[in-house]
Amino acid sequence: MDHDEQDRPGWRRLPPVADDGWASRPAAASRSEGVRRVRRTANWTAAALIAGVAAASGYFAHHPPAAAPAAGATAQVPGQAGAAGQAPAAGHAAVASPQRASGSAPVATSGGSGVATGPVAGTAGSTAGGAATGTGPGGATTVTWRDN
Amino acid sequence: MIMATAAGSAGLWYLSRASGLVLLALFSAVVVLGVAIRTGSAPRGWPRFAVAELHRTLSLFAVALLALHVVTAMLDPFVTIGWAATLLPFLSPYRTLAIGLGTLAVDLAGAVLVTSLARRRLGQRAWRAVHWLAYLAWPAAFLHSLTAGGDLGIWWVALVEIGSGVAVSTAVLVRLIGRARGGPRYPRSAVRTS
């Protein structure tokens, strides 16, 4: 490989890539532009997905909604198959109305999920493990649980 | 995921809900892109092959997000769904119907994905027949998001739900109208979506 191929009879060097003009052809340029556009969009979409999931997770973590259940609704603790009652219409944590605030309110209970019923002194709040009851500022018994 | 695990059960729960919501929006975008390919309507300056490529790429993103959504829901010790319920619909003791719809959507979308990956072996006709299942998978996923999630009281969650519904409904309507008017703008042989 010490000699130059161009020197051999019958051989001719190919033109340089820059002179070929391949990249300047409309179809090829359009295709490479399309590929570039797809990559750019895909990258931005991936970033948006990650940011969206992170932002939504952060929102859910810092904004635990409290919605009153529909009249007559009772709570169903997640994970309790066959528990009495129905889940509230929309809410993650529900606050029982004062009229229903008692240990005899139809709240699904289970010793295994951390649910406790009955008057509990102190401010009610959801626990890490699930549901809890307590006495709110107005004296009403509140029941909170985690749900979606 | 690691951070969510470190944050405990609540972190997994929040991550599962968030990934599910984002997944719905992404799945809707994938469906709209798929319809756009079939109807030959691409954004200005976008070659059709680029739309098809984006459709395929976003579908793979959706698979990753779906895995995150399912795994976080499974790992969350607060709800009992069961691993079998991830493949077999309506087996979950927790919110049987809602979770079952999600499982159904996973199964249908999984069939679409697998047949798309094996499209060359299957042939165009079989692939197309299975690809129609996407039109069933999306409604199942949408109903799952409405019934399993109780976040519709949050305005931006409702916006995502409504936006997804409107986008896909419009796309399907355009598809049906185009079909009624005489089929796609481009010959079928020229369309390759994945």
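Which residue forms a salt bridge with Arg56(B)? The partner is Glu53(B), and the closest N and O atoms are 2.4 Å apart. A salt bridge here is a side-chain nitrogen of Lys or Arg within 4 Å of a carboxyl oxygen of Asp or Glu.

Before going on, a word on the model. It is a predicted model, in which local features need pLDDT of at least 70, side-chain atom pairs count only at pLDDT 80 or more, and totals for chains, interfaces and linings use all residues. Residues are numbered from 1 along each chain as its sequence is written, chains are lettered from A and ligands numbered from 1 in the order in which they are written, and side-chain values use heavy atoms, with hydrogens and water left out.

Back to the first pair. Arg56(B) and Glu53(B) sit 3 residues apart in helix H3 (residues 48-75) of chain B, so about one helical turn separates them. Helices, by the way, are DSSP runs of H or I with at least four residues, numbered from the N terminus. Arg56(B) is partly exposed at 29% relative accessibility, and Glu53(B) is partly exposed too, at 30%. The cut-offs are under 20% relative accessible area for buried and over 50% for exposed, with partly exposed in between, using a 1.4 Å probe and protein chains only.

Over all chains, the count is 4 salt bridges.

Next, chain A. Glu33(A) and Arg37(A) meet in a salt bridge at 3.5 Å, N to O. They are 4 residues apart in helix H2 (residues 26-62) of chain A, which means a separation of about one helical turn. Glu33(A) is partly exposed at 26%, and Arg37(A) is partly exposed at 22%. Together with Arg36(A), these two residues are linked in a network of salt bridges.

Now a pair in chain B. Asp151(B) forms a salt bridge with Arg17(B), with 2.8 Å between the closest N and O atoms. This pair links distant parts of the chain, 134 residues apart: Asp151(B) is in the loop between helix H7 (134-148) and helix H8 (155-180), and Arg17(B) is in helix H2 (residues 9-39) of chain B. Are these residues buried or exposed? Asp151(B) is buried, with a relative accessible area of 7%, and Arg17(B) is buried at 11%.

Last, the surface of chain B. Leu87(B), Leu88(B) and Leu91(B) form a nonpolar patch there, with about 310 Å² of accessible area together. One of them, Leu88(B), lies in the loop between H3 and helix H4 (96-117). Patches take residues with over 30% relative accessible area and no salt bridge, joining like charges within 9 Å and nonpolar side chains (Val, Leu, Ile, Met, Phe, Trp, Tyr) within 5 Å. Accessible areas come from the Shrake-Rupley method with a 1.4 Å probe; for residues, only the protein chains shown count as cover.

Note on methods: Helix = DSSP H or I, 4+ residues; strand = E, 2+ residues; numbered from the N terminus.
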